[in-house]
Structures are given as structure tokens and as C-alpha cells.
Amino acid sequence: MSQVVVEPLTFPKSSGIKFGAAVRNADIEHLTDADFDVIHDALFTHQVLVFKGQAGVSPVAQFELTRRFDPLATSYGHGKTIDAKRSILHPDLKTIPTQPQVQVIGNGFVAEYEGLKNIQLKHPHHKTFHATTIPADEDLDFTRFYRWHIDAALYGLAPPVATTLLAVKVPNGRRQTCRYDDGTDDELEVPLGTTAFVSGYSMYDLLSEADKEFARTTKVEYAPHPYIWISKAKSRSDGLGIVSQGLEIPMDDLPPIEEDKIQVLPLCWRNPVTAKLALQVHPSPVRKLHLADGTVMDDLTEVRETIHRLQRPGIAPNMVYAHDWEEGDFVLFHNRGVLHSVVGAFAEDEVRLFRQCNVAASHFPDGPEMVW
């Protein structure tokens, strides 16, 4: 019998957060089958699991736990696409030589870590990606959600089932105000360098009945080579999708396109344990919507406005879980049930060192139980 204990996270009554749990008594280096069974069901029930005091977890053990949710999966979730110099993901990730499915992310200079030497990490900053920016003199006090997303290549490779993050080194002390800057006056106080999570299930539940029907019967088509396609485009101020300014890379200027790798996925993904539906869309690389009547919405501005309208209530301040990282925190999240975003603006001397792991799935997510 497993000794692993799962306790749901608690939030104020005013909160709309209905996910997250703390996990105790788990030895990630030596998980038994019984331990994993508890963690497996907890992940699909609570979506985000927090393991405290896990500084000693090796890259191998991190990979093995991540892959255990899909034993046939072997390669990093983005495959080799992060090597493409034009991809927006390229500057943010360093690969651990002995465990290529595990990436190092963070901020600042690190002399040596897990076979990497003299690495300069750069925390993504909204000023490099958003169409508008917070003034420089307010930069350390205020921040934004950088980019709400799912960890997924969205071209060829299937979206990973789970992602793991380990906090190795965390700056502490400062807090920031995360601004939406979208005319709503919405803002959220967050710890420095938090990872923000929102639930795709709550995002779906917040929809009107008409919008739920639309979400259940619509598919989204992602652009080929999506992270190169949007490499010059700019984000909305809330980090939830792209502003339509005609800055996408023309199709003829992308690497060769293999039509069978273009992904057309349901807007709603079904949970394999609870059967609940999550509105699970990566808003930045969306290109077309395939509607129930067989028509295709291909006006990019209209596509983006539609997805943003559906998703925006789900990132309201009371719906966001902003994890307050401590060194040794190991967070396992259901990549097919939540969206997440990096947040924060660091000073140059503030060092943040994390390990991230996800693996491209061996199967695509299930949509609503219906005939297409």
C-alpha cells in the first residue's frame, strides 16, 4: 500500500481556483507502482501537483516520472524544433547533455550545472513579445503574463500529457503586480518569477451554453512550424494570443511544410479519468477554425478574436493560481488540462534556475464523445 498523501490546495472563498494539490511522502527517485497509481489519479483529478523538498531529484528520475504517464513517449515535447534559430522558443531553453528530454530554464549566469558550463539564462520578458510594454521605470514593480500556452509542438508531435518543473535556485523577497492592461483594470499580485496556471475545465465551465456547444463542435487548426510562423508577431497585453498586425512569417518563407504534420485538434479535450471537458487551446499559433457545419473560419483576426473571447474569462485574476516557488519545489502538471504562463521581470543579478521536462505523447488527446 502506498504512503503517498494527496491534499487539495486551499484558497480564499473569493477564489475561483478549483484545482491543485500538495503531495507528501513521495520518493520521486524510487516510486513504487502503488505510489504512481496514487499520483496518476491525483494528476487527472487536481491538474497541478506540488511536491515540496525535492532538491535531490535527478534529471533521470524527473524524466522517468514524466514519461510514466505515457510509457511509449520518448522524445522531448518539441522534438528538435527548439534548435530552429528562428523559433521563439530557441533562446529560452538549454538541454541537459545526459538527459536530452530535460531542459534548463531561468535567468542569470550559471557557471556549471548538470554538464552545462558558463550558461547565460534569460527569463522571457514581455517587452520582447508584447505589442505594448510596461514603462521601463515601472518594470521591476509591475509585470505581465508573458504567454499563456500549452507545452506542445503543435506540428507533427502530439501534445505531452504532463510537464514537470523543478526549482533549483529561486530569487526571493520581491513581489510584483501583474497587469492585464486590456482596459479592464484587472491585476494580480504575484511572487517574483511565479508560474501562473489556469484550468481548462473551469474555462469551459464558464462558457454560456451556446459557447459550450460551439466549443464542443469546433476544431482548431494550428499553423505549420507555429513558433517560427509567429516569431515576429506580437502578443496581446494579457498574454492570451496574438495581435493581428500582419507580422506572421509568410508560408513560403517557412521551412518546408509537410501537410500531414499540420494539426487540427478539438477545442475541448476530454479528461481520461473524470471525462470532464477542458477548453484546451494554445491561442498564439491558432490559424483556422473548422466549424460543425463544415465551413472553415480562416480570417485570422476573426479566429483570434473568437478564441480570445472564449478563453479570457478563464484567466481572470480570481481564476489564476500563481505558484510561490521555493527551492526544491517539484511541480507536476496536466498539460492537457491547464494553460500556464511564465511571469515576472528580473534584475540582471537575480539568478533563477529550473529544470523542465515533457515528452511528446504517443497519442493525441481525446475530444468530446461525439461523431465528427
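Tutor: Contact here means heavy atoms within 4.5 Å. The model is predicted, with local features requiring pLDDT of at least 70 and side-chain atom pairs pLDDT 80 or more, while totals for chains, interfaces and linings use all residues. Residues are numbered from 1 along each chain as its sequence is written, and side-chain values use heavy atoms, without hydrogens or water.

Q54 belongs to the loop between β3 (48–51) and α2 (59–68); helices (H or I, at least four residues) and strands (E, at least two) are DSSP runs numbered from the N terminus. Leaving aside residues up to four places away in sequence, Q54 touches A26, I28, L166, G328 and F330. Its relative accessibility is 13%, so Q54 counts as buried (under 20% relative accessible area; exposed is over 50%, partly exposed in between; 1.4 Å probe, protein chains only).

Turning to the rings, the whole structure contains 11 aromatic pairs. The pair F145 and W148 is tilted, with 4.7 Å from centre to centre and 45 degrees between the planes. Rings of Phe, Tyr and Trp (its six-membered ring) pair if their centres lie within 6.5 Å; planes under 30 degrees apart are stacked, over 60 edge-to-face, and the rest tilted. F145 is buried because its relative accessibility is 0%, and W148 is likewise buried at 0%. For F197 and F333, the centres are 5.1 Å apart and the planes stand at 65 degrees, so this pair is edge-to-face. Because F197 lies in strand β11 (residues 195–199) and F333 in strand β21 (residues 330–334), the pair ties together parts that are 136 residues apart in sequence. F197 and F333 are both buried, and together with F11, F19 and Y321 they form one aromatic cluster.

Charged groups also meet rings. The charged end of R179 sits over the ring of F142, 4.7 Å from its centre, and that of R352 sits over the ring of F354, at 3.8 Å from the centre. The criterion is NZ of Lys or CZ of Arg within 6 Å of the ring centre and within 35 degrees of the ring normal.

Finally, the second largest cavity holds about 40 Å³ of space. A cavity is a set of points on a 1 Å grid over the protein atoms alone where a 1.4 Å probe fits but cannot get out, and lining residues have an atom within 4 Å of a point. Its lining comprises R236, L240, G241, I242, P283, R304, I307, H308 and Q311, with helix α6 (residues 300–311) giving the most, 4 residues.

Note on methods:
1 Å grid on protein atoms, 1.4 Å probe; cavity = no way out; pocket = protein on both sides within 12 Å on 5 of 7 lines; lining within 4 Å. Points joined across faces, edges and corners; volume = space filled by probe spheres on them.
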